[in-house]
Amino acid sequence: MIDQFVIPLLKILIVLNATLVGVTYMVLLERKVIAWAQSRLGPMRVGPYGVLQPVADAIKLMLKEDITPTKADRWVFTVAPIISMVPALIVYAVIPFGPVVRLFGRDVSLYITDINVGLLYIVSVASVGVYGIILAGYASNSKFPLLSSLRASAQLISYEVAVTLTLVSVILMSGSLSMVSIVDSQYNARVWFAFVQPVAFVIFFIGGLAETNRAPFDLPEAEQELTGGFHTEYSGMRFALFFLAEYANMIVVSSVATTLFFGGWLRPFPNVAALHFLDVLPSWTWFLLKSFVFLYIFIWVRATLPRYRYDQLMRLGWKVLIPLAIANLVVTGIVKVMLF
Amino acid sequence: METPSTIHGAMFDTSELVINMGPQHPSTHGVLRVILRLDGEKVVDAEVVIGYLHRGIEKLSENRNWTQIILLTDRMDYVAAATSNVGYCETVEKLMQIDVPRRAKYIRTVLMELQRIASHCLWVGTHAMDIGAMTVFLYAFRERELILDLFEEFCGARLTYNSMRIGGLPQDIPPGWDKKVLAFCDIMDAKVDEYETLLTHNRIWLERTKGIGVIGGAEAAGLGLCGPALRGSGVARDVRKDEPYAAYDEMDFDVPVGVAGDTYDRYLVRMEEFRQSLRIIRQATEGIPEGPIVGKVPRLIKPAAGETYHAIESPKGELGYFIVSDGKSTNPYRFRVRPPSFCNLQALPRLVRGHLVADVVALIGSIDIVLGEVDR
């Protein structure tokens, strides 16, 4: 009874809340880091050093008037932000924050579930999110959002091909689609996959930037060109859902990158007994630390680089990243068959 | 505006999309409105609509006395008010044949070049921001702030200075001000390099600006382009060199020109102008001669009947004033401005045709317009 219902429900509750809090604080982190990059202070008014800014933002967004344009497709307009937000959250079901640990006399796994097609689940659920963007642009019945949602769909589809191909090379290395087995196989291989699959990792990271619509690939919401992109007509909480979905997706990409390429919850050099003292930090903190590094790079890139143009983005995706990913996959396959 | 036409020939006939960019759009730098006709994301045609900031400055001037007009010229190119002030004052001085003391000329030169740097700071920031590099914007504004502080110390105002008088200056520079200007030059030298590290060799920046809005020298001159937008196409036309005014004939500086005539070359020209301006400021500040700051000006300014045209090189290009005096009243009979932004803006439809929506904002930034000056 407890193992079957209470513990999974508790885990879902904790992960969901932690994610939502994490997402709101991501917004603050982004504003702070960009501010430091630009020699300013960032939010300073709400709470000490602005730490309560997310709370103020949430209250403001909930109290805002929720406008639906008269000519919008009312039903689709309402559903679109939800379609965008939900996949970003349910992906966390298969992300392993740690191994099975002993808590209060019970064996508790630090992941909600471990299914044998975990990676496939992530890819398929994450690609549902783009429907939210397309439908939002379509339902707004306005030209700028429409242009933006067309850009978004083209961009996400092209970069998903490259990203999925890199995932296949990782699967070749691990021999499993389960997220937990992928981490275990990195333990057994005595090396993080980022060092044996550097090309795959780079493509995955660039593709991840593009799939989460982050700079320098933030064309769908290019403020300077399309005023606000697909969420131009949205306000209040529905706008907030799009906003939070973007940050939730960033955390997803960082977590997946950590799990696939940087050994998930494993401490550095998990097989070296001499570094045993590193185990003072529990496994899940290692996971969070590594994910945090990726999130920081996401923000850093945004503060530094200009934006690609639509045709250049497509060219990079189809002419550089996809051929490279295929070549990487073929080489991985050949090496795997010949040497092992 | 005619209805969108249908494009035949594709598998299915498609029709053009007309979108309205502005007057409330984040990258139209104020209240510019551009009606774009798009085929997909490609711009088929563009129509520029102006007039949202029209205040009738030219007509107003006919009912103000000669000194009051200086204040109106502040409100034209409001990011380079001192340059507009000097242009107007020199025109009236030319009309009345007033000799300006050398000290005033030198201080005017320093102020105008400081103003050019401030204006270019605003340009590099917003131009980079339009292309998505937002950090440059904050960096450039940080340095612009230093210039505004210098202006505040000189005349008390930070944006609309009203800092010139016919025949000279309203007041002398405060003690120690020239030292601060030289100290600023040393800071700015390093900062220009900093902007360039972020942009000049950045691959995304190169891809976004090279080959965008290419215009040849002859065509650019034919369209009336002026200033850095013209020099980017390889025409070495600079009023400071060709028809020197203020103290420019005593200054040693180069006029940078581009080769390709694209957005990237216009960018490079302006970046080099930062350095040339610093060179001029150093020479002028160190060489400020002693002497009076106002020439012999009659108590009642009332030029004899006649007309005159005088042009200066504002940060945006050739800023000309045409003034007619009837010799009877204490205000101009006709007052007409040739604003560089207005003349440069008319090249926009020619530049954007065939490019993508994203390039439109890059090109608006590249010709560096101020709507206050376009509409007047």
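A246(B) is buried, with 23 other C-beta atoms within 10 Å. Here a residue is buried if 20 or more other C-beta atoms lie within 10 Å of its own, exposed if 12 or fewer, and partly exposed in between, with C-beta atoms placed from the backbone. A246(B) sits in the loop between helix 10 (239–242) and helix 11 of chain B, and its phi is positive, about 40 degrees, although it is not a glycine. Helices (H or I, at least four residues) and strands (E, at least two) are DSSP runs, numbered from the N terminus.

The model is predicted: local features need pLDDT of at least 70, side-chain atom pairs count only at pLDDT 80 or more, and totals for chains, interfaces and linings use all residues. Residues are numbered from 1 along each chain as its sequence is written, while chains are lettered from A and ligands numbered from 1 in the order in which they are written.

In chain A, N141(A) also has a positive phi without being a glycine, at about 55 degrees. N141(A) belongs to the loop between helix 4 (118–139) and helix 5 of chain A. The table sets out the two residues.

N141(A) counts as partly exposed, with 16 C-beta neighbours inside 10 Å. L29(A), in helix 1 of chain A, is partly exposed as well, with 18 other C-beta atoms within 10 Å. L29(A) and G207(A) are 178 residues apart in sequence, and their C-alpha atoms are 22 Å apart in space.

Chain A has 12 helices and two strands, in the order α-α-α-β-β-α-α-α-α-α-α-α-α-α from the N terminus. Its C-alpha trace spans about 60 × 50 × 45 Å along the principal axes. For 340 residues, a compact globule would have a radius of gyration near 20 Å, and the 21 Å of chain A agrees with this. The radius is taken over C-alpha atoms, and the globule rule is 2.2 Å times the number of residues to the power 0.38. Buried residues make up 44% of the 340 residues in chain A. Two residues are in contact if their C-beta atoms, placed from the backbone, lie within 7 Å. Of the contacts in chain A between residues at least 6 apart in sequence, 77% join residues at least 24 apart.

Within chain A, the axes of helix 1 (residues 2–37) and helix 10 (residues 236–261) come within 9 Å and cross at roughly 105 degrees. The two helices are therefore roughly perpendicular, a class that covers 65 to 115 degrees, with angles under 35 degrees roughly parallel, over 145 roughly antiparallel and the rest oblique. Axes are lines fitted to C-alpha atoms, for helices over the stretch in contact, and angles run from 0 to 180 degrees between N-to-C directions. On the helix 1 side the contact includes T19(A), G22(A) and V23(A), and on the helix 10 side L244(A), Y247(A) and A248(A).

In helix 6 of chain B, V181(B), F184(B), M188(B), V192(B), Y195(B) and L199(B) are buried. The buried residues of this helix pack against helix 4 (102–130), helix 5 (134–155), helix 7 (203–209) and helix 11 (263–286) of chain B.

Between the chains, 23 residues of chain A are in contact with 24 residues of chain B. Helix 5 (143–174), helix 9 (223–226), helix 11 (283–304) and helix 12 (310–339) of chain A each give two or more residues to the chain A side.
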